[in-house]
Amino acid sequence: MPILLTDATVQMQTALESAKTITAISQASEAVITGTHDYSIGDLIVIKAVVGMTQINNKVVRVKSVNTTVDFTCEGLDSTGFTAYASGGTAEKVTLGATFDNITNLSLPDQAANPITVTTIHDNEEQEIFGLDAAPTGSFSINADPLAASSVALAAASDAKTRRAFKVVLQNGYVGIFNAFVSGGAGIDGAAGAVATGTISLRLRSRPQWFAS
């Protein structure tokens, strides 16, 4: 079914709760993270500083289920192809304190392929291999308001050069989450008599993860 971009909600992290120590992560169709915690189903968690299973570092995950305070399952996060967990790591619960009400265009395209030319002088046509995927980029076009709470939070994130977790809820109920470096949001662009606009640029840790609800 076509996705109609109306009645959408976009929220951004403004804080992370105190870090919980990770002691294990499974290689499974849905990764299970072991460590004492106080999380609830639906919480968003940022994972950092894991040794071994580095593919999970700086990802934002959604809690699908909890085993009392012993471990939690990361909804839809397939870690079977990740490197085995070795040691360390922290989990930090996300506070989504900034809500946008001025986005006019949302762009979260697929990451670009990374072709590498390996043509030699012995070939009669170009030879390519594909390298590591480029980091996904995205953007929001906005009606500019540099004093809006969301713009102020964006400026703080840009100045700090640290990632922020985002949650997008679409009209059809789909929920997307991602972690990204951000810039922009405080600038103003426009002509006489026109609505002032701005752009928020995003550099994502990995492609957004989507859920049906």
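This is a predicted model: local features need pLDDT of at least 70, side-chain atom pairs count only at pLDDT 80 or more; totals for chains, interfaces and linings use all residues.
Student: Let's start with α1, then. Which residues does it cover, and what are its end C-alpha atoms doing?

Tutor: Helix α1 covers residues 149–160, and its end C-alpha atoms are 17 Å apart, which agrees with the 16 Å that its 12 residues should span at 1.5 Å a residue. The expected span is 1.5 Å times one less than the number of residues, and helices (H or I, at least four residues) and strands (E, at least two) are DSSP runs, numbered from the N terminus.

Student: Which residues of α1 are buried?

Tutor: The buried ones are S150, S151, A153, L154, A157 and S158. They cover an arc of only 160° around the axis, which puts them on the same side of α1; the arc is that of the directions from the helix axis to the C-beta atoms. On the other side of α1, A149 and D159 are exposed. Here buried means under 20% relative accessible area, exposed over 50%, and partly exposed in between, with a 1.4 Å probe and protein chains only.

Student: Why would residues a few places apart point the same way?

Tutor: An α-helix has 3.6 residues a turn, so residues three or four places apart point the same way.

Student: And what do the buried residues of α1 pack against?

Tutor: They pack against five strands, namely β1 (9–12), β10 (98–100), β15 (164–169), β16 (175–184) and β17 (197–204).

Student: Can we zoom in on one of them, say S151; what does S151 touch?

Tutor: S151 counts as buried because its relative accessibility is 2%, and, leaving out residues up to four places away in sequence, S151 touches D145, P146 and G185. Contact means heavy atoms within 4.5 Å.

Student: What about the strand side, for instance M12: where is M12 placed?

Tutor: M12 is in strand β1, and at 0% relative accessibility M12 counts as buried. Beyond four places in sequence, M12 touches T95, L96, G97, A98, F100, A153, L154, R164, A165 and F166; among these, A153 and L154 are also listed as buried in α1. M12 and V94 are 82 residues apart in sequence, yet their C-alpha atoms are 9.2 Å apart in space.

Student: Back to the end of α1: what follows it?

Tutor: K161 follows α1 and lies in the loop between α1 and β15. K161 has a positive phi of about 55° although it is not a glycine, and K161 is exposed, with a relative accessible area of 61%.

Student: What is the phi of D7?

Tutor: Phi of D7 is near 55°, a positive value in a residue other than glycine. D7 lies in the segment before β1, and at 66% relative accessibility D7 counts as exposed.

Student: Which residues line the largest cavity?

Tutor: The lining is made of K20, T21, I22, I33, T34, G35, T36, H37, Y39, F72 and A91, and β3 (20–21) and β5 (32–34) each supply at least two residues.

Student: And the largest pocket, which residues are closest to its centre?

Tutor: The largest pocket holds about 440 Å³ of space, and of the 21 residues that line it, the closest to its centre are K59, Q111, R205, S206 and R207. Strand β16 gives the most to that lining, with 3 residues.

Definitions and conventions. Residues are numbered from 1 along each chain as its sequence is written. Side-chain values use heavy atoms; hydrogens and water are left out. On a 1 Å grid over the protein atoms alone, a cavity is a set of points where a 1.4 Å probe fits but cannot get out, and a pocket is an open set with protein on both sides within 12 Å along at least five of seven lines; lining residues have an atom within 4 Å of a point. Grid points are joined across faces, edges and corners, and a volume is the space filled by probe spheres set on the points.
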